[in-house]
Amino acid sequence: LSFCSYIHDNSDRGFYFLGSGESPESSETSIEVNNVKSNHNVIGMSFAGDNVKLEVQVKDSETSNNSGSGIEIDSVFGVNISAAVDVELDGIISRYNGDHGLFVSPLIVGGEVKVKVKGDVNLYKNENSGFFVGDVDVVVERRGALNSCGNLASGSLDEDIRSDLATFSGNGYTCDSTSPNLSNIITCDPCPNCPQ
């Protein structure tokens, strides 16, 4: 499936995709989201899968001013799911959201979860962490940049990039704070004074 659109002012998710199958080994579904603006919703974009290999590509898209997260890769109905998830991000702006800029649920189990940053991913001024992921392999590719700045979380969540379990590779990170366990794993360039 492939989508492009402008979605706003929904009292639920602006864009929601659920893939399901018999097992991540035997069932596969993919979606490409290109040039979508999903603003002023509860959640900007939400992708979930159960018993499936889920491939998600989001390109040249914006999620802003949503009351929840801008983009989420989540479980189904808040329970553990068995899924293998492959996410590719390129040309993303997720800012001024009421929760995280990008959230990948720790409830996805039973399969490998990968997030590939292939181009600019800008996560600015969200109420919680800009980038919050569970047990995920995060790869910033050669032309990619993960920029998470000016997020407004406080206390123990005061981190632009947050994860307790993820593995990170590649260069091209910009942030002012990370989870304590990431301080020796990724090196962030400092954020500019006024991220947009």
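Colleague: A disulfide is a pair of cysteine sulfur atoms within 2.5 Å. With that cut-off in mind, how are the bonded cysteines of the protein chain paired when they are numbered in sequence order?

Modeller: The model is a predicted one, and the structure holds 2 disulfides. One of them joins Cys 149 to Cys 191, with sulfur atoms 2.1 Å apart, and Cys 175 and Cys 188 form a disulfide whose sulfur atoms are likewise 2.1 Å apart. Numbered in sequence order, the bonded cysteines therefore follow the pairing 1-4, 2-3.

Colleague: How many residues apart in sequence are the parts that Cys 149 and Cys 191 tie together?

Modeller: The link of Cys 149 and Cys 191 is left-handed, with -90° about the S-S bond. Cys 149 belongs to strand E16 (residues 145-149), while Cys 191 sits in the segment after strand E20 (188-189), so the parts they tie together are separated in sequence by 42 residues.

Colleague: Is the disulfide of Cys 175 and Cys 188 left-handed or right-handed?

Modeller: Cys 175 lies in strand E19 (residues 173-175) and Cys 188 in strand E20, so this pair ties together parts that are 13 residues apart in sequence. Cys 175 is buried, its relative accessible area being 4%. Since the torsion about the S-S bond of Cys 175 and Cys 188 is about 90°, the disulfide is right-handed.

Colleague: Looking at the chain as a whole, what percentage of the 196 residues is buried?

Modeller: The protein chain has 0 helices and 20 strands, and among its contacts between residues at least 6 apart in sequence, 77% join residues at least 24 apart. The chain exposes about 9000 Å², of which carbon and sulfur atoms supply 44%. Of the 196 residues, the buried share is 51%.

Colleague: Which residues touch the most other members of the largest nonpolar core?

Modeller: That core contains 37 residues. One of the residues in question, Phe 168, has contacts that include Phe 131, Ile 161, Leu 182 and Ile 185, when residues up to four places away in sequence are not counted. The residues touching the most other core members are Phe 47, Phe 131, Ile 161 and Phe 168.

Colleague: Among the aromatic pairs, what kind of pair do the rings of Phe 15 and Phe 47 form?

Modeller: A search of the whole structure finds 4 aromatic pairs. In this one the ring centres of Phe 15 and Phe 47 are 5.8 Å apart and the planes stand at 50°, so the pair counts as tilted. Phe 15 in strand E3 (residues 13-20) and Phe 47 in strand E6 (residues 43-50) are 32 residues apart, and their pair links distant parts of the chain. Both Phe 15 and Phe 47 are buried, and the name for their ring arrangement is tilted.

Colleague: Which residues do ring pairs link into a cluster?

Modeller: The rings of Phe 168 and Tyr 173 have centres 6.1 Å apart and planes at 65°, so they form an edge-to-face pair. Phe 168 and Tyr 173 are both buried. The cluster linked by ring pairs consists of Phe 131, Phe 168 and Tyr 173.

Colleague: How far apart are the C-alpha atoms of Ile 186 and Phe 168?

Modeller: Ile 186 is placed in the loop between E19 and E20, and at 7% relative accessibility it counts as buried. Leaving out residues up to four places away in sequence, Ile 186 touches Ile 161, Phe 168, Tyr 173 and Thr 178. Ile 186 and Phe 168 are 18 residues apart along the chain, and their C-alpha atoms are separated by 6.9 Å.

Colleague: Turning to charged side chains, is Glu 62 buried or exposed?

Modeller: The whole structure contains 5 salt bridges, and in one of them Arg 95 pairs with Glu 62, the closest N and O atoms being 3.9 Å apart. This pair links distant parts of the chain, since Arg 95 is in strand E9 (residues 81-95) and Glu 62 in strand E7 (residues 52-64), 33 residues apart. Arg 95, at 23% relative accessibility, counts as partly exposed. Glu 62 has a relative accessibility of 14%, so it counts as buried.

Colleague: What separates the closest N and O atoms in the salt bridge of Glu 159 with Arg 162?

Modeller: For another salt bridge, Lys 53 and Glu 55 meet at 3.7 Å, N to O, and Lys 53 is partly exposed at 29% relative accessibility. Glu 159 and Arg 162, by contrast, are both buried. Between Glu 159 and Arg 162 the closest N and O atoms are separated by 2.6 Å.

Key. Residues are numbered from 1 along each chain as its sequence is written. This is a predicted model: local features need pLDDT of at least 70, side-chain atom pairs count only at pLDDT 80 or more; totals for chains, interfaces and linings use all residues. Side-chain values use heavy atoms; hydrogens and water are left out. Helices (H or I, at least four residues) and strands (E, at least two) are DSSP runs, numbered from the N terminus. Buried means under 20% relative accessible area, exposed over 50%, partly exposed in between (1.4 Å probe, protein chains only). Contact means heavy atoms within 4.5 Å. Accessible areas come from the Shrake-Rupley method with a 1.4 Å probe; for residues, only the protein chains shown count as cover. A nonpolar core is a set of buried Ala, Val, Leu, Ile, Met, Phe, Trp, Tyr and Cys residues joined through side-chain atoms within 4.5 Å. Rings of Phe, Tyr and Trp (its six-membered ring) pair if their centres lie within 6.5 Å; planes under 30 degrees apart count as stacked, over 60 as edge-to-face and the rest as tilted. A salt bridge is a side-chain nitrogen of Lys or Arg within 4 Å of a carboxyl oxygen of Asp or Glu.
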